[in-house]
Amino acid sequence: MFKKKPAIKKIPEGYEAVLHVSICTGETAAGFLDTHTGHFKEVQLIQNEHDLQDFMKQFGIENSLRKIY
């Protein structure tokens, strides 16, 4: 009857939320890009629009994500 709202996780400091897209296969992963080193840390595989919306809701992201290849 009463559902607890899932807590919004914080994006780590010094990181930017991005989508990493493979040039060869088109596989997409959501995660965080270290703004200092350029290292990508994968958090979730994105297979459809629902997965992307879940990731964005989980971290409180309202605008679109930048794609890196």
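Okay, so one term before we start: when I say buried, I mean under 20% relative accessible area. And keep in mind that what we have here is a predicted model.

Let's start with the aromatics. How many aromatic pairs does the count come to? It comes to 3. Take Phe32 and Phe55: that pair is tilted, with 6.2 Å centre to centre and 45 degrees between the planes. Phe32 sits in strand β2, residues 28-34, while Phe55 sits in helix α1, residues 49-58, so the pair links distant parts of the chain, 23 residues apart. Buried or exposed, Phe32 and Phe55? Both are buried.

Now stay with Phe32, since there's another partner for that ring. Phe32 and Phe59 pair up edge-to-face, at 5.1 Å centre to centre and with 80 degrees between the planes. Phe59 is in the loop between α1 and β4, and Phe32 is in strand β2, so this pair ties together parts that are 27 residues apart in sequence. On burial, Phe32 has a relative accessible area of 5%, and because the cut-off is under 20%, Phe32 counts as buried. Phe59 comes in at 10%, so Phe59 is buried too.

In soluble globular proteins, nonpolar side chains tend to be buried together. Here, the largest nonpolar core has 11 residues, and Phe32, Phe55 and Phe59 are among them, along with others including Ala17, Leu19, Ile46 and Leu52. Which elements each supply at least two residues? Those are β1, β2 and α1. Helix α1 gives the most to this core, with 3 residues. There's also another core, apart from that one, with 5 residues, among them Val18, Ala29, Leu33 and Phe40.

Met56 is a member of the largest core as well. If you don't count residues up to four places away in sequence, Met56 touches Ile61, Glu62, Asn63, Ser64 and Leu65. Two of those names, Ile61 and Leu65, are also on the list for the largest core.

What does the side chain of Gln44 reach? The backbone oxygen of Asp51, at 3.4 Å. Leaving aside neighbours within four places in sequence, Gln44 is in contact with Ala29, Ala30, Asp51, Phe55 and Gln58. And Phe55, remember, is the tilted partner of Phe32.

Notes:
Residues are numbered from 1 along each chain as its sequence is written. This is a predicted model: local features need pLDDT of at least 70, side-chain atom pairs count only at pLDDT 80 or more; totals for chains, interfaces and linings use all residues. Side-chain values use heavy atoms; hydrogens and water are left out. Rings of Phe, Tyr and Trp (its six-membered ring) pair if their centres lie within 6.5 Å; planes under 30 degrees apart count as stacked, over 60 as edge-to-face and the rest as tilted. Helices (H or I, at least four residues) and strands (E, at least two) are DSSP runs, numbered from the N terminus. Buried means under 20% relative accessible area, exposed over 50%, partly exposed in between (1.4 Å probe, protein chains only). A polar contact is a pair of N or O atoms within 3.5 Å; within protein, one must be able to donate a hydrogen and the other to accept it, and residues adjacent in sequence count only if both atoms are side-chain atoms. Contact means heavy atoms within 4.5 Å. A nonpolar core is a set of buried Ala, Val, Leu, Ile, Met, Phe, Trp, Tyr and Cys residues joined through side-chain atoms within 4.5 Å.
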